[in-house]
Amino acid sequence: MNKRSVSVIGLDGLGRLYLNKMVNSGEMPNLKYIVTSADVNTNIYCFPPETASSWPSLMSGVNLGKHGIYDFFKYNSERTRLFNALDLGHPRIHEMIAILKHFVLMINPVPSYPIIPVSNTMHVISFSFFTPKPTAYPKFLQKYLTEYRRYTYKSLNDFLIKYIDDLDYRIGIIENLVQKFDYKLIWVNFEIPDRILHLASERERKFKVLDKTVLKHEKIIFRKLDSVIKLLKDITDNVVIVSDHGFSYYNKTIAVNTILYKHGFIKLSEKGLSSSIEKYSKLLPEENKPLLLIPLNNPLVKIVRKPVLKHLAKAILKIYENLFEREIKLKFPEVDHKESKAFLFGETSFGIILNKKKYNVSPVEIVKILEKYKGIKHVWLKDQIFSGPYLKDLPDIYLYPDFDMGYWITDLKVYDKIYRRKCRLHHHPLGVFIMKDLGGYKILNEIINNTAVASLIMGWLGFPLSSWIDDKELVEKVFNGNVKYTDKYINLWNLNKRIFAMRFLKSRK
């Protein structure tokens with residue numbers, strides 16, 4: 001079994017609707033073949049439905065409480081910062097297989113930086129997903145980054161055109177390396193369709209891009225992605241298509257921090273958590289429009305927000321924004337996270353943090369309050385849905401909006417209304433998992449956890465699994481109990497990480 005090899009195409013934000021569009025477009029015959037003939041063609045449950053936490057879960061086989069990444073940002077009352085690979089409490093699949101001294105190729109892991117050396121059989125190239133600068137390991141791979149240039153974009157069409165060149169660049173790297181090394185695992189992550197759907201929704205209101213409309217340059221991207229699938233299908237024994245979450249259409253938002261404010265848990269501030277996070281926006285490969293903020297108490301704002309003038313005001317604002325390429329937004333108060341008792345931490349991580357150092361707050365009380373609000377389907381204490389040594393670091397409460405009834409949540413600010421009608425495309429907890437071969441065992445039309453992905457791939461390859469994995473019952477069933485478990489991965493990972501961290505942090509001083 002150890003002679004087997006597998007390739008994985010990670011498509012950020014791929015849900016069933018967009019997958020069907022890709023298959024039906026006529027541009028992706030290789031994808032269509034895999035989808036229609038796969039042993040595994042199912043949805044995976046990804047909660048929170050967020051890039052930063054879901055990719056580590058499906059790439060490691062363990063939940064947030066065991067790998068420790070719960071958002072793009074790691075909360076600290078003094079200095080909130082970006083999560084990085086040094087925060088990972090459990091190795092991912094490419095790191096585990098490299099520990100066994102097999103060759104693996106990983107392009108754009110999550111988290112992406114820094115690359116922690118495991119062995120010289122682990123080849124990693126990273127130039128996206130919050131990577132401060134393009135980087136590679138081992139050193140000889142740096143030559144593949146010398147001509148790579150990051151790009152910004154002003155529109156969806158601009159992004160699509162530039163992403164086509166980006167795809168050509170990645171395809172060239174893959175074609176070159178697979179001729180030189182006998183990889184057990186090739187895993188390549190792509191930022192689409194996530195980036196396409198966010199841009200289509202927030203900037204251009206092209207909601208049908210989710211499942212019906214195929215744009216001109218989107219067709220070219222489909223053809224190039226299909227060529228990647230064909231290349232990998234031809235050189236490995238198995239192919240996997242996987243995503244970290246799906247996408248859906250929403251028309252209602254819930255301002256969770258407004259609820260907490262109305263119940264006395266939040267104090268307001270001119271500059272709060274949102275402001276501390278905004279400084280990281282420069283790391284995103286995107287060029288935002290200049291922003292004009294207007295205070296909510298401005299007399300003109302009060303006039304144009306009257307129901308009778310609302311539609312006229314929107315039309316005028318749209319004309320202004322198109323003429324001057326300057327977005328206008330109302331300035332709502334922020335959350336003073338140091339003085340508040342409890343607050344929503346992230347729009348896509350769905351976690352509420354309690355200020356335990358300063359206040360004696362009952363999480364059960366907050367759960368009962370939130371459960372009463374329309375559009376919130378579930379509210380959980382963290383230990384009801386996660387487990388592991390990093391559970392203490394996670395947000396204290398998780399809420400699950402009624403996604404399928406069209407509810408999403410707003411950002412971190414405190415608004416004048418709890419509910420607002422707003423049409424948008426955004427993340428959904430159901431991602432996609434397609435695996436061409438699983439030894440004849442079929443997983444079709446059901447929902448499994450995203451944490452099962454890495455374990456099923458490693459089990460198919462015939463490698464021992466981490467003793468920490470979350471889906472032992474499913475794995476044992478699929479492989480008829482012929483599974484071995486080991487502590488080797490976690491022990492060597494933590495040792496490597498400590499040694500590397502000392503050198504890495506010293507080099508940055």
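A residue counts as buried under 20% relative accessible area, as exposed over 50%, and as partly exposed in between. Lys206 has a relative accessible area of 34%, so Lys206 is partly exposed. Please keep in mind that this is a predicted model. The partner of Lys206 in a salt bridge is Glu204, with the closest N and O atoms 3.2 Å apart; at 27% relative accessibility, Glu204 is partly exposed.

Arg424 and Glu202 form another salt bridge, at 3.3 Å between the closest N and O atoms. Here strand 20 is linked with helix 7, across 222 residues. Arg424 is buried at 8% relative accessible area, whereas Glu202 is partly exposed at 31%. Together with Glu347 and Lys422, these two residues make up a network of salt bridges.

Nine strands form an open sheet in the order 7-6-5-8-1-9-21-2-22, with mixed pairing. Strand 7 and strand 22 are its edges, each pairing on one side only. Strand 7 pairs with strand 6 in the antiparallel sense over three bridges, and Ser126 stands opposite Thr135. Helix 6 lies across strands 5, 6 and 8, running at about 175° to strand 8.

Finally, on the surface, Leu492, Leu495, Ile499 and Met502 form a nonpolar patch with about 340 Å² of accessible area together.

Note on methods: Residues numbered from 1 in each chain as written. Predicted model: local features only at pLDDT ≥ 70, side-chain atom pairs only at ≥ 80, totals over all residues. Heavy atoms only, no water. Patch = residues over 30% accessible without salt bridge, like charges linked within 9 Å, V, L, I, M, F, W, Y side chains within 5 Å. Areas by Shrake-Rupley, 256 points an atom, 1.4 Å probe, with all protein chains shown as cover. Salt bridge = Lys/Arg side-chain N within 4 Å of Asp/Glu carboxyl O. Pairing = 2+ DSSP bridges. Helix = DSSP H or I, 4+ residues; strand = E, 2+ residues; numbered from the N terminus. Contact = heavy atoms within 4.5 Å. Axes fitted to C-alpha atoms, helices over the stretch in contact; angles between N-to-C directions. Buried < 20%, exposed > 50% of the residue type's maximum accessible area, 1.4 Å probe, protein only.
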